[in-house]
Amino acid sequence: MYPLIRPLLFRLDPEHAHALSLNAVRMAGRNPVTRLVLRALFDLHDRRLEVKAFGLTFRNPVGMAAGYDKNAVGVSGLAALGFGHLELGTVTRFPQVGNPKPRLHRLPEYKAVINSMGFPNDGIDVIERRPWQAPGTRAGMNVGKSKETVIERAADDYVFLLRRVYRRADYVALNISSPNTLNLRQLQAREHLEGLLKAVAAARDALPRRVPLLLKLAPDLTEAEIDDALAAATANGIDGLIATNTTINRKGLPSYTVGIQGGVSGRPLTARANAFVAYLARQTTLPIVGVGGIMTPDDALARLDAGATLIQLYTGLIYAGPGLVRAINKAILKRNG
Ligand SMILES: Cc1cc2nc3c(=O)[nH]c(=O)nc-3n(C[C@H](O)[C@H](O)[C@H](O)COP(=O)(O)O)c2cc1C
């Protein structure tokens, strides 16, 4: 059915289309009957799809990537679409409006999106009161630095947010890789990352529950920078890596896109994100969540083959629709016999 709906959605401004789709998912998730209908249409339940990572069992390897449900309003509807996990957020310490619009652009000929959202979200005080758990589906919370927080004080934000979400989050993702918050990606550099992870790991170790900590990385890091990040992650007991966020590279896109601010996701990111996962898998035994340009079941299989334990989707859902989750899970079952 999505091929029929997509042209209508694509006629709308992308941010409006996003709000509409999230609202539909939210409404459908509120009602037990529509939830059942969604499950019947989209969910694929099979024990053979289960995977274990960072001490948790996931009903299947396919997750919703961060940024779609930043405010944790659509959890039960999203769960009914068959995801094994949802990564909510990015949430910040204080509510913020994000960057000026337009900040979301579709490039349909390239199956790509460029976004410069800048973490618009309701802030942790509001988001922590929402129901972000759905039975059977894991919920991770992705946390980020507020726009106003200077880089030298960034660790305070991450520690503060960790303490606020650890009770309910199945895992916490540290987002230091969005290109749309000034200087955020500098946190990936060795001189900042070691201090940041040390502070966050110390705060985590003082909590009554050892919540898994994941680090989300940018695809634009060099191998030497990845090695530094891995060393800091390993030294501080990080439990997993999420690779990758959007890219600032415009490779494979026409030159006019240089003038559009933000990070690219979707098809132009596929090869880079795959190579990134393959590189990580050679360098570390930490579990990897593969994300970036997974547009088809074959892309998903390739990402798992490259070494990902879990995968996540965002732009693929915009172009292929929610049926992609089930199609990927079917392909995994078929391949594994
Ligand atoms: C509109 C939009 C908003 C996003 N917001 C976030 C965010 O808040 N936090 C985050 O860690 N990643 C965010 N991302 C990045 C995605 O989680 C994902 O890493 C990236 O889009 C690559 O995957 P994809 O090619 O499947 O979209 C966003 C992506 C898009 C397209």
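**Salt bridges: worked exercises**

Arg185 is buried (under 20% relative accessible area; exposed is over 50%, partly exposed in between, with a 1.4 Å probe and protein chains only), its relative accessible area being 19%. The model is predicted, with local features needing pLDDT of at least 70 and side-chain atom pairs pLDDT 80 or more, while totals for chains, interfaces and linings use all residues. Residues are numbered from 1 along each chain as its sequence is written, and side-chain values use heavy atoms, without hydrogens and water.

**Exercise 1.** Determine which residue forms a salt bridge with Arg185.

*Solution.* A salt bridge needs a side-chain nitrogen of Lys or Arg within 4 Å of a carboxyl oxygen of Asp or Glu. Asp220 meets this with Arg185, the closest N and O atoms being 2.9 Å apart. Asp220 lies in the loop between strand S9 (213-217) and helix H8 (223-235), and Arg185 in the loop between strand S8 (171-175) and helix H7 (190-205), so the pair ties together parts 35 residues apart in sequence. Helices (H or I, at least four residues) and strands (E, at least two) are DSSP runs, numbered from the N terminus. Asp220 is partly exposed, at 27%.

**Exercise 2.** State where Arg190 and Glu194 lie.

*Solution.* Both belong to helix H7, four residues apart, about one turn of the helix. Arg190 is partly exposed at 45%, and Glu194 is partly exposed at 35%.

**Exercise 3.** Decide whether Arg204 is buried or exposed.

*Solution.* Arg204 is buried, at 1% relative accessibility. Its salt-bridge partner Asp239, at 2.9 Å from N to O, is buried at 15%.
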